[in-house]
Amino acid sequence: MTTPNITFRLQHLRRKHGLTQEALAEALGFKDRQTLSQIETGERKLSSEEMVRAAEVFGGSLDYFTDPFELAGEGHFSWRQNGTKPELLDDFELRAGRWIAAYRHLSKLKGEVINSSTRRVALNHQSTFEEAVAEGEAMGKALELGNIPSQRLADALEEKLDTLVLEVDTEQGISGAACRLNQLNAIVINRNETLARRNYDMAHELFHLITWDTMPPPRLDIETPTDKKSKRVEQLADNFAAGLLMPGSLIERLIEKSELKKGSELATWLTSNAQILGVSAVALQWRLVNMGKLNKSAIVSEEFIRNLGEAQRTKPPAKYGKRFMAALGWGIDEGYVSVRRGASLLGVTVDELAKLFENHNLPTPYDL
């Protein structure tokens, strides 16, 4: 049985409430600060009585310290969002944290090794855009994404990098997020975005995960940052995503198969091939420009090709993802999670939970 890191959760609560070790030690009735310091460093355990007292001090529930379905600030999130209200983002982060924590807990109970691997890349703030593109292409080869990288990306992230991918209904303005834990990485994607946007966001969040140590992303990741350093990171991420989803060799083959035209014919070429690649026509056009295959003077209005692409919206994928739902189903089937708790975790009814399993072609682990 796995247990939560209680000392970590105590430290997180203290910092969240802006308390010094001295102040919390006094509130808990300790003789000195060193006692609390030893607890926070893991040298001393927090007793049951002290845990109850801590819950009272912070006005919270004892479950905060004991619930394995609680991330409790352990994860570091970087949200790609635009104007989402802070309170809504905070609430959604708590919910997303519970999904990630639940998956980690159940996977460990199942005996699976949770150890997300992040292939090292030689990128930093001084890297060129060409280097970012090259790293994106190299990542595509390492993940064996095949002829159309976008089609295999989500599965490859889970199978080869042990990175959980959750495609969910988010709050307004949130398109995705990268989440980093000590052992597990996760990517959250707004499933109601266009297919091209979902693929792009997935590649974008992967960039943040693999460059977290050299270029730590902010909690709020906006598309057009104003400060120079953040803007540079976003541009590198865009170029990495372009290389990953649209490798040069694939673009060359598309051009050989059907020569580039001009005007409306170019617009048609862009939208049709963008649909094949699972990217936006705008992104494909700029990839051609950056590869020197299309002169800037010949580019088509972004608004025009964006409107053409609107007809290519696809049905949102099934919620959460098969890997996540399989772990939850196993937990219910083995008795580690009650059906009602599983439904509560996802904010659905028992009948709706059964439908989620059905949507992923998984057996419902309980009788209706």
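Helices (H or I, at least four residues) and strands (E, at least two) are DSSP runs, numbered from the N terminus. The views below come from a predicted model, in which local features need pLDDT of at least 70, side-chain atom pairs count only at pLDDT 80 or more, and totals for chains, interfaces and linings use all residues. Residues are numbered from 1 along each chain as its sequence is written, and side-chain values use heavy atoms, with hydrogens and water left out.

**View A. Asp 162 has a positive phi.** Asp 162 sits in the loop between α8 and β2 (163-168). Its phi is about 55°, although Asp 162 is not a glycine. Most residues other than glycine have a negative phi. Asp 162 counts as buried, at 12% relative accessibility. Buried means under 20% relative accessible area, exposed over 50%, and partly exposed in between (1.4 Å probe, protein chains only).

**View B. Thr 163 lies in strand β2**. Thr 163 is buried, with a relative accessible area of 2%. Not counting residues up to four places away in sequence, Thr 163 touches Ser 116, Leu 157, Glu 158, Asn 185, Ala 186, Ile 187 and Leu 209. Contact here means heavy atoms within 4.5 Å.

**View C. The largest nonpolar core has 52 residues**. A nonpolar core is a set of buried Ala, Val, Leu, Ile, Met, Phe, Trp, Tyr and Cys residues joined through side-chain atoms within 4.5 Å. Which residues touch the most other members? They are Leu 153, Leu 206, Leu 270, Leu 277 and Leu 284. Two or more residues come from each of α7 (129-142), α8 (149-160), β4 (185-190), α9 (195-210), α10 (228-245), α11 (248-257), α12 (263-277) and α13 (281-290). α10 gives the most, with eight residues.

**View D. Leu 277 and its contacts.** Neighbours within four places in sequence are left aside here. Leu 277 is then in contact with Ile 148, Ser 150, Met 246, Leu 250, Ile 251, Leu 254 and Leu 284.

**View E. Helices α7 and α10 pack at an angle of about 40°**. Their axes are 7 Å apart. Axes are lines fitted to C-alpha atoms, for helices over the stretch in contact, and angles run from 0 to 180 degrees between N-to-C directions. α7 and α10 are therefore oblique to each other. Angles under 35 degrees count as roughly parallel, over 145 as roughly antiparallel, 65 to 115 as roughly perpendicular and the rest as oblique. The crossing of α7 and α10 is right-handed. A crossing is right-handed if the near helix is turned clockwise from the far one by less than a right angle, and left-handed if anticlockwise. From α7, the contact uses Phe 129, Ala 132, Val 133, Glu 135, Gly 136, Glu 137, Met 139 and Gly 140. From α10, it uses Arg 232, Gln 235, Leu 236, Asn 239, Phe 240, Gly 243 and Leu 244. By class, seven residues are nonpolar, five polar and three charged. Ala, Val, Leu, Ile, Met, Phe, Trp, Tyr, Cys and Pro count as nonpolar, Asp, Glu, Lys and Arg as charged, and the others, Gly among them, as polar.

**View F. Helices α6 (residues 86-109) and α15 (residues 322-333) cross at roughly 60°**. Their axes come within 9 Å. α6 and α15 are oblique to each other. α6 passes α15 in a left-handed crossing. Trp 99, Tyr 103, Leu 106 and Leu 109 of α6 meet Arg 323, Phe 324, Ala 327, Leu 328, Trp 330 and Gly 331 of α15. This contact has eight nonpolar, one polar and one charged residues.

**View G. Helix α13 is mostly covered**. How many of its 10 residues are buried? Seven are. They are Ala 281, Val 282, Leu 284, Gln 285, Arg 287, Leu 288 and Val 289. Gly 292 follows α13 and has a positive phi, near 80°.

**View H. Met 291 is in the loop between α13 and α14 (302-309)**. Met 291 counts as partly exposed, at 22% relative accessibility. Not counting residues up to four places away in sequence, Met 291 touches Gly 248, Ile 251 and Glu 252. The C-alpha atoms of Met 291 and Glu 252 are separated by 9.8 Å, and the two residues are 39 residues apart along the chain.
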